[in-house]
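Subject: Structure for your review

Dear colleague,

Please find below the structure that I am handing over to you. My findings follow it, arranged by topic.

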Amino acid sequence: MQVVLAHSQTNEVSQEKIKTLISKSFDQPNLKVKTSPIVIEGKVAIADWTQCQKGGRALLRRKHGEWEIIACGGSGLKDPEGIAAIGISKEIATNIIAKLKDAEAKLSPQQIKQFDSFDGVVNMVHDAKHSPNTKH
């Protein structure tokens, strides 16, 4: 039995903050990012996004009350082991993937294919020892 403590307002506020962060990070003048669905498990979230013909998923975490993008990827962000490798606990990774599957079950196969199309997983944490100039 899974107990879900739902704070719908907090969840809605978090979703809006996530949409705003992704938009500010990746919108281009004539190419706006559409972000949906977004699933949240504690201080971790996965947001599916599309931008024209491109698509993918963003893995986020809440740190000091603010959301930050820690990785971008495609089908690799549907694997609890892959998410755990980024530093998320296996329990949270398993739970958030279950939520993502439920959310994506309502979408068309074409939409899922677009989210899966992002090649690889890109670490987005700038204080990590990776070049911030990684192209996405």
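In what follows, helices (at least four residues) and strands (at least two) are DSSP runs, numbered from the N terminus. Please keep in mind that this is a predicted model.

**Overall plan**

The protein chain holds four helices and five strands. Their order along the sequence is α-β-β-β-β-α-α-α-β. The chain has 136 residues, of which 36% are buried. Among contacts with a separation of 6 or more, 51% are between residues 24 or more positions apart.

In soluble globular proteins, nonpolar side chains tend to be buried together. The largest nonpolar core here has 17 residues, and those that touch the most other members are Ile18, Ile22, Phe26, Ala58, Leu60, Ile69 and Cys72. Two or more residues of this core come from each of helix H1 (8–26), strand S1 (34–41), strand S2 (44–51), strand S3 (54–63) and strand S4 (66–73). Another core, of 15 residues, lies apart from the largest one, and its members include Val44, Ile70, Ile83 and Ile88.

Which residues does isoleucine 22 touch, if those up to four places away in sequence are not counted? Isoleucine 22 touches Asp27, Val33, Thr35, Ala47, Ala58 and Ile69.

**Arginine 57 and its partners**

Side chains of opposite charge can pair when their charged atoms come close. A search of the whole structure finds seven salt bridges, and several of them can be described around arginine 57, which is placed in strand S3. Arginine 57 counts as buried because its relative accessibility is 0%, and buried means under 20%.

The side chain of arginine 57 meets that of aspartate 48 in a salt bridge of 3.3 Å, N to O; both of these residues are buried. Arginine 57 also forms a salt bridge with glutamate 104, where the closest N and O atoms are 3.0 Å apart. This second pair links distant parts of the chain, since glutamate 104 is in helix H3 and arginine 57 is in strand S3, 47 residues apart. Glutamate 104 has 7% relative accessibility and therefore counts as buried.

Glutamate 68 counts as partly exposed at 24% relative accessibility, and arginine 61 is partly exposed with a relative accessible area of 27%. Through shared partners, salt bridges join Asp48, Arg57, Lys78, Glu104 and Asp116 into one network.

**Helix H3**

How far apart are the end C-alpha atoms of H3? They are 21 Å apart, and this agrees with the span that the 15 residues of H3 should have at 1.5 Å a residue, which is 21 Å.

The buried residues of H3 are Ala93, Ile96, Ile97, Leu100, Ala103 and Glu104. They cover an arc of only 120° around the axis, so they lie on the same side of H3. An α-helix has 3.6 residues a turn, so residues three or four places apart point the same way. The buried residues of H3 pack against S1, S2, S3, helix H2 (80–85) and H4. On the face of H3 turned away from its buried side are the exposed residues Glu91, Lys101 and Asp102.

**Loops and backbone details**

Lysine 106 is located in the loop between helix H3 (90–104) and helix H4 (109–116). Is lysine 106 buried or exposed? Its relative accessibility is 70%, so lysine 106 counts as exposed. Lysine 106 and proline 37 are 69 residues apart in sequence, and their C-alpha atoms are 9.8 Å apart in space.

Two residues other than glycine have a positive phi: cysteine 52, near 60°, and histidine 64, near 55°. Cysteine 52 is placed in the loop between S2 and S3 and is exposed, with a relative accessible area of 54%. Histidine 64 is found in the loop between S3 and S4 and counts as exposed at 78% relative accessibility.

With kind regards

Notes: Residues are numbered from 1 along each chain as its sequence is written. This is a predicted model: local features need pLDDT of at least 70, side-chain atom pairs count only at pLDDT 80 or more; totals for chains, interfaces and linings use all residues. Side-chain values use heavy atoms; hydrogens and water are left out. A nonpolar core is a set of buried Ala, Val, Leu, Ile, Met, Phe, Trp, Tyr and Cys residues joined through side-chain atoms within 4.5 Å. Buried means under 20% relative accessible area, exposed over 50%, partly exposed in between (1.4 Å probe, protein chains only). Contact means heavy atoms within 4.5 Å. A salt bridge is a side-chain nitrogen of Lys or Arg within 4 Å of a carboxyl oxygen of Asp or Glu. The expected span of a helix is 1.5 Å times one less than its number of residues. The arc is that of the directions from the helix axis to the C-beta atoms.
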